[in-house]
Every structure is written in structure tokens, then in C-alpha cells.
Amino acid sequence: MLIQIRKRSDPRSSEITPKSAYLDYVSRRRFLGTAVAAGMIGSLPLPASAAAPKKAALQGVVKSRYKLDEPLTDTEAATGYNNFYEFGTGKTDPATYSKDFKPKPWTVAIAGEAAKTATVDFDDLIKPHQLEERVYRLRCVEAWSMIVPWVGVPLADVIKRFEPSSKAKYVAFETLNDPQRMPGQKSRVLDWPYVEGLRMDEAMHPLAILAVGMYGEEMPNQNGAPIRLVVPWKYGFKSIKSIVKIAFVEKEPPTSWNRSAPNEYGFYSNVNPTVDHPRWSQAKERRIGDSLFSAKRPTLMFNGYADEVAALYAGMEMKKNY
Amino acid sequence: MNADRLIRRVLKPLVFLLCLGPLAWLAWRAAGPGFGPNPAEFLNRFLGDWAIRFLLIALAVTPVRGITGWAGLVRFRRMLGLYAFFYVCLHLSSYTVVDQFFDWSAILKDILKRNFITVGMTAFALLIPLAITSTKGMVKRLGAARWQKLHRLVYAAGILGCGHYFMMVKGNQPEPLYHGAILAVLLGYRVAVWFRRASAARRNARESMRAA
């Protein structure tokens, strides 16, 4: 007998859309579609992703206990609607302008307060670990969300290999800074390189992963090839892409969006429906793939991972430490 | 065909149809490839882009007329201004209907709490009396001088519209600045004309005093 233990972050069975309701919804969509404007709601095959370089399927990936019963976001949407300002600020810019990006060979510098520091080749960094698939909610700070099947390794396991010292209170991450390869860096939308950071206990949390692929394939360039962070209980911009440096540091490291607009983006940036962005409400979100006329969905505390991560912030004033 | 009839019979209908272009394109997208992964955002941004563009186009009529000397251009001004208002209304409707789905309390909260929405709504409010008084009858009823004074509100609406755009984007994105620069040129032209007129008037006054 198969016993399934529901994790608290999994959607309750009452939350899961029954197939009949879904089909009903589909037919209503169709009706609306013809009634309002034929096909107004149809999904868009993006020309950009059609010509994207083909990524190899990843071998030896095991399923993890982290899965969701919600339908996955279409690959075309997850790889065609991106925020990755290193390749431009438009949502289709990353797919369009990252086509010629060559993510390999790739090295990651491990630095700072650790017994072992080195510049490590991508393969050497990842190979010692078991690749697993993690289906996570992704909640962008712009109030839209996706369901993405990432492939990666627990960040904690990678960190342990380098034996951070007791002085290592935070982990600082850095994205590649190379305007020749990342044309969006030619304009100063942000202070390049993009930098992010986590508190050590956040970085060591089992939900945090270094992702090297999605949908069973190597990481597409526009999603942060070849290696990116995924911290699903925080807004998407915390999950830094195309990482070239991981440093263990004693003090809270600077983070790009916080430097750009400190009143809008805090160091923690945990998904929190009760703390609004100054310019828009964070109470609800739009699920990518939903139609023009479907309602927004309520945003969950810590993006639905409260049971796993709330303890990290016990006693912390969330409105102040946004 | 004389110039008047050319404008009335050919150019005005042509410009009218051209201004519907963005809407036609939207209809084509709706019928065919759709609005992409985030249709609500796409629709709202697209309509907002065209609202600010038409506002700038309408504000360009006077300077272009002054520079080219083509007086007939003024006859397109009302149509272009009303198109700006039309796209502003569509932009606002997409926010009200698609984005908020008539959640009036959320909308009110947005207007009061979110500065960029406050600014955008103010721009919209300023455009309403201009649209209402755009008819020939209204010009007559108000009198040309008063009508003109009232319609200077469009400058404020232009500034607020560009401000709304600038405040909306994340990071240092250049697009709102390009729009702001165009607006600065268009308004700057008017300031320059005003200064030249004022100094010419002063000179005339001096000369007539000397003559007397």
C-alpha cells in the first residue's frame, strides 16, 4: 500500500482543483473566449523560446518529497516570461538575448570564512551530490507566480563540504558580471554584478537548493544557467542566477534590489501577504497561465512553506525586517 | 481638391483609422496568438504605453505647427487629444476590470496608498474636463480665452502621466526617461515661445513710449 504523508506546505486536498471543476473551468474559458473575443485567453507560443538553444536532459535525477498537486507552469511560459535584467528588462528579453550565452565551462569561487576555499569547476561542485527534482512555488515580488520543477542539490550539502567557520554568519552570492556575454549589463539598471545573500541558517535550510536544471533538462540560459539559487519561501529575486561566487561572511552582505530601493526590498524579502510592497499589494498573486478573466489567488505566508521555515524567524518583527 | 477638403475628406479619416491601429493589433493578438503568459499585465501595460504616447503626440501638435508653419495641423489636435483620453480610459478600465475585477475597496486603497497610482489617477481626473469641453459648442460657451486657460491642464496631465510611468518601473529603466525627455522638449518649446512673446511685447511697449 502506498501511504502518502502530506507535508503541511502541500496544498490541502480541498485546495486542489478537482478535475471536473477544472474541465468546467476550461469550457467556461472557451465560452468566454468566443463570447468576449475569440481566443483572447489562449496561451502564446513564444517565438523566442522556439529558437532557444536545446538543453540536454539531465541523467540520474531522483524525485524528491517536495512536490505539489498543482499543475506545473507550461515550460514555454517558465522559459519565456522571465526577470533576468542581465539580459534586458522586458519579460521576453532574457529568452531573446541569452541565446548565444555559453554557460560552460563555468567555475564558482568559494571564498570567505571557511576551512576550504577554492575556485571550483561546475562539475566538481555538483557531481558529488545526488540531483533531485523539487517542485516549488515561485512567487515573484511583482505579484505573479509559477509552479516549477527544479532540478538541483541541497545548498546545505554543498556548503558543508567547504567547512564554514563559526565566523560565517551569512552566505553572499554573486552573478557573473560580463557585459559582453550579458548584454543587459551594458545599461545600469542595477549596480552590477547582481549580489544576494542569506543568513547561514536560511542557507542551511533543506528547502534551499542550488538548481542546475528545470523540467528535467539543464538550466536554460534565461533561467540562470548553469547554476542558480532557489529559495522558495522568498520572493524570486532572492534566488540569484548564474552564480560565480559564494562567500561566507560575518556581516549581512549587501543585496542588489535592497541597494536599488531600500524601502521596497529588504534583505529578508520573505513572501508575506500581510506586508505590502510600497507600490502594490502582496496579498494576492496572478498564476502564470491563468486566463485574463480568472481571479487572482491569495498569496500564502512564506509562499506556503510556513511550517518548514517560520521557526527561522521566531520573534522577529516581520514588518520591520521585510 | 483644396487643402480644406483634403484635410476633411482624406487626412482626418486616415489619421482616425491610424489611431485605431493599436486597438486593431490588440484584437489580432486576442484572436490569434493571445496575450502571453501574463495576459492581465500585458493588456494593462500595452494600453498604458499607448495612452502616454498619444498624450505626447497630442502635445506635439502645437510645437510641430510652430516649427513647420503648417497651420492645418491644428485641426488634428482635438482628435489626437481625444484618442489620448480614449487610451487612458482603456488603460484604466483594464486596471479596474481585469486587474482588480471591480474590487472598489482595493482600488480606493491603491489610489490612496500607492503614489504612482495616485499620480496616474490625478492625471486621468485632469483630462476629464478637457474631454468634456472638447466640442465646438463648449469652446463657444466658455469663450476662447477661458477655454484655452482650462486646456493648459493638459501640461500637468502630461507631467503626471510621465511621472506615473517613471514611478511604476523597477530599477533604473530608461524608457520613462525617454518619454520624460520628449515631454520636456514639447513643454520647453512653449516656454521659449512665451518668453519670446513677452520680451517682444516689452520691446514694443518701450518703443511706443519712446515714440510718444
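**Reading charged side chains**

Modeller: Let us begin with B:Asp4, which counts as partly exposed because its relative accessibility is 32%. Please bear in mind that this is a predicted model.

Colleague: With which residue does B:Asp4 form a salt bridge?

Modeller: A salt bridge requires a side-chain nitrogen of Lys or Arg within 4 Å of a carboxyl oxygen of Asp or Glu. B:Asp4 forms one with B:Arg8, the closest N and O atoms being 3.2 Å apart. The two residues are four apart in helix H1 (residues 3–19) of chain B, a separation of about one helical turn. B:Arg8 is also partly exposed, at 44% relative accessibility.

Colleague: Are A:Glu202 and A:Lys234 buried or exposed?

Modeller: Buried means under 20% relative accessible area, and both A:Glu202 and A:Lys234 are buried. Their side chains meet in a salt bridge at 2.8 Å, N to O. A:Glu202 lies in helix H7 (residues 200–203) of chain A and A:Lys234 in the loop between strand E10 (228–230) and strand E11 (243–249) of that chain, so the pair ties together parts that are 32 residues apart in sequence.

Colleague: Which residues are linked in a network of salt bridges?

Modeller: The network links A:Glu70, A:Arg137, A:Arg139, A:Glu285 and A:Arg287. Over all chains, a search of the whole structure finds 25 salt bridges.

Colleague: Which residues form a positive surface patch?

Modeller: Residues of a patch have over 30% relative accessible area and no salt bridge. Here, B:Arg202, B:Arg203, B:Arg206 and B:Arg210 form a positive patch. B:Arg203, for instance, is partly exposed, with a relative accessible area of 44%, and is found in helix H10 (residues 175–211) of chain B.

How values were computed
Residues numbered from 1 in each chain as written. Chains lettered and ligands numbered in written order. Predicted model: local features only at pLDDT ≥ 70, side-chain atom pairs only at ≥ 80, totals over all residues. Heavy atoms only, no water. Patch = residues over 30% accessible without salt bridge, like charges linked within 9 Å, V, L, I, M, F, W, Y side chains within 5 Å. Areas by Shrake-Rupley, 256 points an atom, 1.4 Å probe, with all protein chains shown as cover. Lys, Arg positive; Asp, Glu negative; His and termini not counted. Charge placed at Lys NZ, Arg CZ, Asp CG, Glu CD. Buried < 20%, exposed > 50% of the residue type's maximum accessible area, 1.4 Å probe, protein only.
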